[in-house]
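Reader: Hi! Could you walk me through a helix and a sheet in this one?
Author: Happy to, let's take a look together.

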Amino acid sequence: MTLLEMKGITFGYGSGAVLSDVSFTVESGEHVGLVGANGAGKSTILRLVTGDEVPQAGSVRVASIPTGSNVVLVPQFFPADAGGPVREFVIADIIALRRELQDLESRMATATESDLSRTLKRYGDLRERYDALDGDDAEYRAESLLARVDMASAADTDVRSLSGGEQNRAQIARAFAAWPELLILDEPGNHLDLWGLDWLERTLSDYPGAVLVVSHNRFLLDRVATRILELRSGSLTSWTGNYSAYRANRLREAVQLARDARADAQHLKRLEAQVQYLAQLARAVPDSSVGKRLRARRTQLEHARRDARERPELTEARAAIRLDAPPVRADIALELRELEVTVGQRQLLKDASLLIRCGERVALVGPNGCGKTTLLRQIVTRGSWDDDHLRVGPSMKIGYCAQHQELFPADLTLEEALSRAGAGSRDKVFGVLSRYRFAYHDLDRPVGTLSGGERNRLQLAHAEVVGANVLILDEPTNHLDIPGREAVEEALLAFPGTILVVSHDRYFLDRIVTRVVAFEGTALASYDLSFRAWWSEVTRRQGRDVQAPVTASEPTVEERLLNLEQEMATLERELSRTYQRNDLTRAEQLSRRLDSMRTRYNRLYAQWG
């Protein structure tokens with residue numbers, strides 16, 4: 001059954017078109033990911049679905065479900081006017097329905113004969129929906145739903161006092177209370193820690209209804225989506241499979257299209273040479289047959305130019321981040337010695353010790369509220385070689401990306417922010433900022449007017465200017481779209497210095513870090529593992545995805561899957577670089593290898609599941 005159909009949609013603001021002839025459907029039970037760069041029009045599509053915007057051309061059709069709700073949207077931001085106990089928030093729509101039924105019952109007692117039939121009709125429709133949602137048992141269901149999202153203990157808590165992650169869970173519980181045929185989620189992973197994201201992925205993967213999720217979280221899209229809708233330059237393309245399959249298929253198609261474009265270019269070159277030759281011949285020989293041949297070739301050339309295929313661009317425009325750490329001879333970048341950290345009455349760390357050597361790439365992990373951001377701030381503000389408990393190497397220059405982006409005063413302009421860091425003249429400041437996708441007129445913008453993604457880019461530009469050889473990064477991919485995240489990853493992979501990063505983006509951590517330091521109570525535990533291997537061990541300890549014991553020389557199915565995922569990611573990056581170099585023969589060979597590897601992965605995944 002088709003639950004949602006958008007057909008020939010055109011929509012824009014002012015003179016610019018955001019969407020152009022966009023069409024797609026969502027069928028019952030489908031799990032669809034919608035991806036695209038910031039500003040591509042993803043939120044516009046959601047507003048068109050919910051009726052908050054009306055298309056300038058085309059149609060939007062949402063199936064009518066006789067019982068219950070058909071479509072429920074979980075917005076990116078928590079409602080500003082929400083209040084009251086979490087239990088009531090979760091079933092607020094059912095409570096509103098109950099109150100309207102009670103009001104209709106009162107009106108029927110005093111209604112005139114002409115009003116009675118309309119009131120009865122309205123009452124019957126609402127009652128059917130109320131019964132379909134088990135309205136009489138709503139309070140009991142609220143308790144069950146809150147337990148399902150790990151929030152049973154917060155039932156009587158006012159929603160305004162919840163953390164961002166808890167508010168996300170409450171919104172999802174409220175959506176489940178309506179049990180929609182189509183569940184739409186806009187960036188549902190915001191504010192969730194690693195464990196919250198894991199819960200979200202499992203919950204959405206198991207949801208029996210249809211799901212349409214807008215997200216920049218590539219790991220979530222890999223685990224949840226079975227089809228990807230890509231929005232680019234106002235047009236939409238559908239790809240079968242999860243995010244990784246979409247990337248691989250898109251690369252393979254780009255290689256073939258590039259081959260076609262090169263063939264078209266060679267054909268044009270031959271036709272242009274023929275037209276040039278015939279034009280010279282026509283001037284030298286007054287023969288009508290030559291002129292006729294020339295006109296025919298010119299027409300052929302005109303048609304060929306019109307139909308010539310262009311070499312596709314693989315990526316959206318993205319920042320050209322450059323982080324070049326000056327070489328150092330020191331061995332120690334950062335050392336914690338019996339460090340204690342207390343906030344208010346709560347002790348976050350006690351006698352914590354940690355040694356990070358120069359050139360290491362370390363992830364700092366732990367649940368929300370454990371003290372990760374507090375520790376990073378202490379390193380930045382307090383750390384020095386002379387501190388007894390928090391030592392930073394004497395030749396270390398720290399570049400800091402703050403999660404809450406408080407690095408610069410709000411009234412400071414972008415030019416001032418970088419010139420004070422040593423960037424130099426206005427033109428030199430622009431030379432840096434232009435590579436981070438800022439325009440010349442942005443130099444005079446106050447920092448307070450920047451979006452979250454723009455502030456992250458500014459913080460990275462600042463780290464470049466100060467010549468940082470130690471990067472302290474607190475959620476560096478927050479607010480960034482997928483091209484922006486990939487730009488940060490490529491820069492960090494090429495960075496020769498030391499990295500200490502807090503992030504909930506598992507795709508990002510998989511690529512960047514080689515060691516994990518975890519908050520365990522008030523202590524720090526170090527694991528010389530990749531993030532993927534550490535996370536696999538954590539889930540095993542929690543009783544999920546446990547494999548039967550095997551010998552050390554015989555890897556588990558899960559380990560083989562992890563290895564294949566890493567190999568495919570490496571091969572995909574090599575294929576992308578080969579494509580950019582226009583080595584299409586090599587790119588085609590790599591594409592076939594990637595196809596073969598993905599076939600092996602899918603077969604193994606089916607065996608594991």
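Reader: Which strands does α11 lie across?
Author: Helix α11 lies across β10, β11 and β13, and runs at about 120 degrees to β10. Contact means heavy atoms within 4.5 Å; axes are lines fitted to C-alpha atoms, for helices over the stretch in contact, and angles run from 0 to 180 degrees between N-to-C directions. Helices (H or I, at least four residues) and strands (E, at least two) are DSSP runs, numbered from the N terminus.

Reader: Where do the numbers come from?
Author: This is a predicted model: local features need pLDDT of at least 70, side-chain atom pairs count only at pLDDT 80 or more, and totals for chains, interfaces and linings use all residues. Residues are numbered from 1 along each chain as its sequence is written, and side-chain values use heavy atoms, leaving out hydrogens and water.

Reader: Thanks! What's the strand order in the open sheet?
Author: Its 3 strands run β11-β10-β13 with antiparallel pairing, where a pair needs at least two DSSP bridges. The edge strands, β11 (346-357) and β13 (390-392), each pair on one side only.

Reader: And how many bridges join β10 and β11?
Author: There are 8. Glutamate 335 stands opposite leucine 355 in β11.

Reader: New topic: is lysine 372 buried or exposed?
Author: Lysine 372 is buried, meaning under 20% relative accessible area with a 1.4 Å probe, protein chains only. This residue belongs to helix α11 (residues 372-382).

Reader: What does its side chain reach?
Author: The side chain of lysine 372 reaches the backbone oxygen of proline 367 at 3.2 Å.

Definitions and conventions. Buried means under 20% relative accessible area, exposed over 50%, partly exposed in between (1.4 Å probe, protein chains only). Lys and Arg count as positive and Asp and Glu as negative; His and the chain ends are not counted. A salt bridge is a side-chain nitrogen of Lys or Arg within 4 Å of a carboxyl oxygen of Asp or Glu. A polar contact is a pair of N or O atoms within 3.5 Å; within protein, one must be able to donate a hydrogen and the other to accept it, and residues adjacent in sequence count only if both atoms are side-chain atoms.
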